[in-house]
Structure formats: structure tokens, C-alpha cells
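Please look over the sequence and the model displayed here before reading on. The report that follows takes up a few of its features in turn.

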Amino acid sequence: TKQQTRVVDDNGFNPMWEETFIFNVLMPQIALVRFQVWDHDPIGRDFIGQRTIAFSSLMPGYRHVYLEGMADSSIFVHVAVIDIVRAPAVNHRLWTKLNLFSSL
């Protein structure tokens, strides 16, 4: 699943998205979460950085995610993981909910 924040105009040094994304993760043991940050201006889009993290490595709470790309760039996120068991379901799969709040 892919989700994207809105563009924050005229705040390139410290944008605040204050958006929440909810993901249902069927197989958390092999899931990856990828954060990408782009600068979007009238000239075009410039890549700032990215980080891919194993879902099982995401710790709940507020965290700085350091990006690979531009030096000294990070995003500040809040991660909440809620386990939801859907029954009756085929093989009684465990669904995991990931809630992200992002700000740079």
C-alpha cells in the first residue's frame, strides 16, 4: 500500500504535515516501510532522501527517521501499532495496524 502526504507550500525547511496514515499489514514479519521525502516547487520535484525499515524494527512512539540522500535530513514520526485479530478468518490471520504522524 502506498500513501502520500499533501504538499506543504512555502515551508521547505520545517514542513509540518500532521497527517495520519493507517495501514493493514497481513504479514508483519516480512513487511517493509519506506519513507521518501521530495521537495516540490514550481521548478519541479527534487529528491531529498529515503529510508526503508523492516516493519518488525519499528518501535512504537515518537522517532526520528534519518534519511539516506541529503546530508543531515530526517523526519519525525509517531508510530502506533495495534494488533487486530479478525475472526473467523481463514487461518486466523493477525492484522496489524500502523498509524503514522509525520513532520520534518
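Is W38 buried, partly exposed or exposed? W38 has a relative accessible area of 37%, so this residue counts as partly exposed, where buried means under 20% relative accessible area, exposed means over 50%, and partly exposed lies in between, with a 1.4 Å probe and protein chains only. The model is predicted, and for this reason local features need pLDDT of at least 70 and side-chain atom pairs count only at pLDDT 80 or more, while totals for chains, interfaces and linings use all residues. Residues are numbered from 1 along each chain as its sequence is written, and side-chain values use heavy atoms, with hydrogens and water left out.

**Aromatic pairs**

A search of the whole structure finds two aromatic pairs. Rings of Phe, Tyr and Trp (its six-membered ring) pair if their centres lie within 6.5 Å, and planes under 30 degrees apart count as stacked, over 60 as edge-to-face and the rest as tilted.

| Pair | Centre to centre | Angle between planes | Kind |
|---|---|---|---|
| W38 and F47 | 5.2 Å | 70 degrees | edge-to-face |
| Y62 and F76 | 5.6 Å | 15 degrees | stacked |

Because Y62 belongs to strand 4 (residues 61–66) and F76 to strand 6 (residues 74–85), their pair ties together parts that are 14 residues apart in sequence; strands here are DSSP runs of E with at least two residues, numbered from the N terminus. F76 is partly exposed, with a relative accessibility of 28%, and F47 is also partly exposed, at 39%.

**Strands 2 and 3**

Strand 2 (residues 32–41) and strand 3 (residues 44–54) run antiparallel and are joined by 10 bridges, whereas two strands count as paired if DSSP finds at least two bridges between them. A hairpin connects strand 2 to strand 3 through two residues, and R34 has T52 in strand 3 as its bridge partner.

**R6 and its contacts**

R6 is placed in the segment before strand 1 (16–25) and has a relative accessible area of 45%, so R6 is partly exposed. Leaving aside residues up to four places away in sequence, R6 touches M16, W17 and E19, where contact means heavy atoms within 4.5 Å. Although R6 and E18 are 12 residues apart in sequence, their C-alpha atoms are 9.8 Å apart in space.

**The loop with I30**

I30 lies in the loop between strand 1 and strand 2, and since its relative accessible area is 60%, I30 is exposed.

Note on methods
Helices (H or I, at least four residues) and strands (E, at least two) are DSSP runs, numbered from the N terminus.
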